[in-house]
Amino acid sequence: MLQTAQRTAKSKTKKATPPHDRFLEAFRWMLLARTLEEKLVSLYRGGLITGGVYIGKGQEAVSVACGLLLQKGDIFAPLIRDQAGRSAFGEPLIDVTRTYLGSRLGPMRGRDGNIHRGHPRNNELAMISHLGAMVSVTVGALIAKRFKGEKNFVGLACIGEGGMQTGAFHEGMNIAAVEQAPLVVVATNNHYAYSTPNDREFACDDLVDRAIGYGFEGYSLDGTDLSACLDVIGGAVKRARAGRPPQLVVASVLRLSGHGEHDDASYVPEEVKRQPFARDCLKMAEQTIIDLNLADAETLAAWRKDAAAQVDEAIAAAQQEAAPEGNKEDWCALSTRDLVDHVDE
Amino acid sequence: MSITYLEAIREAQAKLLRDDERVFIYGQDVGGTFGGAFKATKGLAKEFPGRVLNTPISEDAIVGAAIGAAMQGMRPIVEMQFADFSSIALNQILNNAGTHYWRTNVPVPITVRLPSGGTKGSGPFHSQSMELIYAHYPGLIVMTPATVEDAYTMLIEAVAIDDPVIYCEHKYLYYHLKADKLPEKGLPTGRARIAREGRDLTIVSYSAMMQESLAAAEELTREGFEVEVVDLRTVKPLDTDTLLASVARTGRLLCIGESFPWGGATAEVIARVTSQGFHLLDAAPQRLNAKDTPIPYHPNLWNAHRPNAQKIATKARALLRE
């Protein structure tokens with residue numbers, strides 16, 4: 001079943017021409033994410049962002065497909081390199097800049113920063129740093145929807161090949177299959193867990209082979225190819241929604257940045273950067289647009305300008321907002337206020 | 001009719017499943033015709049089809065799934081087969097459930113039942129008391145019922161609370177403790193209870209050690225001492241007011257816990273009473289915990305490892321003489 005599935009996915013990739021408007025919409029979310037993250041990097045270098053900056057450069061095509069192909073009511077559990085997907089799923093840009101800049105008006109109100117953000121009420125789960133943990137949380141959200149009698153929903157959890165090596169990930173995958181949850185797990189192998197290359201991360205031939213062991217259907221994906229991403233991830237979402245077993249998509253890319261912006265990634269050898277998986281998905285998508293004449297140069301320039309304007313506006317707004325203050329903070333970790341434990345106050 | 005501590009836990013869950021369609025039970029061996037390693041969910045899978053679900057041996061994913069379900073409006077009850085195995089779920093409980101409300105403003109109403117504490121012959125990995133760890137981290141409520149009545153009402157209350165609750169049920173009390181009937185209502189959560197009044201010494205305890213403390217107090221009565229026993233009921237929040245009021249009456253404080261001696265609820269009680277009520281004390285407060293080794297298998301060693309009524313009485317006599 002796995003082999004057939006992979007073959008199908010590959011042959012579809014070659015033939016498929018996704019609807020142009022969807023491709024262009026995805027491209028614009030990718031462009032927005034790239035523009036935003038480049039700006040965040042320059043703010044970080046200028047000392048204007050406290051903590052870290054973690055970008056998704058090179059992973060935007062995979063990520064955008066995840067966010068874009070979900071529907072209202074679906075559950076999305078993005079991870080650290082999913083700016084494009086978060087935006088496409090509906091996260092307002094101002095949430096990102098508020099979180100990075102520590103505005104108390106942001107969704108995390110200065111209590112958590114950078115990529116550790118979410119809107120659980122809007123079904124965008126707020127990741128924790130401990131990798132693999134959000135897979136089972138997504139499964140639980142799907143179980144709840146089933147209990148409540150909802151129909152036609154899926155969950156999509158993102159992971160990297162680094163996170164795939166945790167115990168939490170294994171437990172989450174197994175319980176997803178046991179529950180027959182309508183789940184898609186999109187694993188992006190960006191070839192490095194921080195500085196550790198694939199050969200010290202896992203020893204199997206291909207990570208997608210694990211799908212059958214978990215009771216998932218598995219698909220491989222060239223994550224540098226936006227068209228393939230929309231097609232393969234779209235297919236997985238459709239199958240999960242239709243009641244097929246949970247779906248695992250393993251995409252291959254290269255992380256085109258450090259782990260965070262504090263990391264110059266000097267450990268990545270030059271020959272790795274020349275591999276096909278090291279191509280920049282954004283440039284590739286733009287080339288497709290030009291080759292197929294889906295948009296002219298003037299339109300592309302206008303999109304760039306629009307993305308820059310949106311980013312500038314979101315940053316300027318967040319920069320003007322008040323930061324949280326220790327002596328005004330509500331230091332209360334429980335919603336049940338009369339059960340808060342008061343120690344020597 | 002009499003009802004045991006274990007039956008009270010089962011009855012509470014039956015009531016919760018009956019009264020609230022958001023409730024479901026998730027854990028290893030809880031479902032089917034088996035009904036749990038201790039039978040705390042006996043018959044519930046049959047009575048409430050599809051709502052008492054067996055899981056793989058995956059403590060992390062069990063709690064993770066409960067968190068996800070709670071965010072979507074459900075009220076999951078997780079049964080850890082033994083409190084000891086909740087160490088595998090620490091990440092989900094402490095870092096996910098415990099931080100979620102603070103980070104996102106969305107509370108996570110899960111109840112995690114931990115069959116806790118020692119019984120004869122259970123050894124290092126089926127005997128632990130984990131309340132210290134959960135109480136130490138922010139964002140969790142830690143219940144430690146010591147009576148049949150509290151086992152019942154506190155579990156019902158735990159599920160009603162919008163925040164994550166760690167419900168430590170003591171395995172030694174499962175069959176040893178009986179009540180005539182179950183109450184409609186208990187004390188409010190977070191309020192300690194004066195289990196026995198006295199004027200010479202305050203013994204503060206919780207869970208199974210509360211029962212041992214009561215037995216010790218009874219023994220000391222025969223020697224002319226009136227010992228007050230305070231049952232914490234919840235380790236977190238800790239009812240400092242009730243503790244201070246008791247020490248104000250007695251002037252002496254002894255804290256008893258079954259957990260390992262480093263830190264813990266007994267140390268916290270002494271720290272609070274000493275810092276806020278130093279002037280109330282006529283003698284240095286004392287505490288008694290288990291030994292600082294893994295919990296032994298052999299009954300002879302186990303009896304020596306944990307506090308019991310006799311050891312509590314000995315410790316109390318020494319404090320009363322001061």
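User: Which residue forms a salt bridge with B:Glu212?

Analyst: This is a predicted model, where local features need pLDDT of at least 70, side-chain atom pairs count only at pLDDT 80 or more, and totals for chains, interfaces and linings use all residues; side-chain values use heavy atoms, with hydrogens and water left out. Residues are numbered from 1 along each chain as its sequence is written, while chains are lettered from A and ligands numbered from 1 in the order in which they are written. A salt bridge is a side-chain nitrogen of Lys or Arg within 4 Å of a carboxyl oxygen of Asp or Glu. Here the closest N and O atoms are 3.8 Å apart, and the partner of B:Glu212 is B:Arg306.

User: How many residues apart in sequence are the parts that B:Glu212 and B:Arg306 tie together?

Analyst: Helices (H or I, at least four residues) and strands (E, at least two) are DSSP runs, numbered from the N terminus. B:Glu212 lies in helix 8 (residues 208–221) of chain B. B:Arg306 lies in the loop between helix 11 (299–305) and helix 12 (309–321) of chain B, so the pair ties together parts whose separation in sequence is 94 residues.

User: Which residue pairs with B:Asp150 in a salt bridge?

Analyst: B:Asp150 sits in helix 6 (residues 148–160) of chain B. Its partner is in the loop between strand 11 (227–231) and strand 12 (234–236) of chain B, so the pair ties together parts that are 83 residues apart in sequence. The closest N and O atoms are 2.9 Å apart, and the partner is B:Arg233.

User: B:Glu11 and B:Arg10 also meet in a salt bridge. Which of the two counts as buried?

Analyst: Their N to O distance is 2.9 Å. B:Glu11 is partly exposed, with a relative accessible area of 29%. At 18%, the one that counts as buried is B:Arg10.

User: How many salt bridges are there over all chains?

Analyst: Some salt bridges join into a network, including one that links A:Arg86, A:Glu91, A:Arg117 and A:Glu124. Over all chains, the count comes to 39.

User: What is the strand order of the open sheet with parallel pairing in chain A?

Analyst: Two strands pair if DSSP finds at least two bridges between them. Strand 1 (75–77) and strand 6 (217–222) of chain A stand at the edges, each with a single partner strand, so one side of each has no neighbour in the sheet. Strand 2 (residues 155–160) and strand 3 (residues 183–189) of chain A pair in the parallel sense over six bridges. The sheet has five strands, in the order 1-2-3-7-6.

User: In strand 3 of chain A, which residue is the bridge partner of A:Cys158?

Analyst: Strand 3 of chain A pairs with strand 2 of chain A in the parallel sense. Within strand 3, the partner of A:Cys158 is A:Val186.

User: How many residues of strand 7 of chain B are buried?

Analyst: In a regular strand the side chains alternate between the two faces of the sheet. Strand 7 (residues 165–170) of chain B is mostly covered. One side holds B:Val165, B:Tyr167 and B:Glu169, the other B:Ile166, B:Cys168 and B:His170, and both faces are covered.

User: Which residue in strand 7 of chain B is the bridge partner of B:Arg113?

Analyst: Strand 5 (residues 111–116) of chain B pairs with strand 7 of chain B in the parallel sense over six bridges. Strand 6 of chain B also runs parallel to strand 7, joined by three bridges, and there B:Val142 has B:Ile166 as its bridge partner. For B:Arg113, the partner is B:Tyr167.

Note on methods
Buried < 20%, exposed > 50% of the residue type's maximum accessible area, 1.4 Å probe, protein only.
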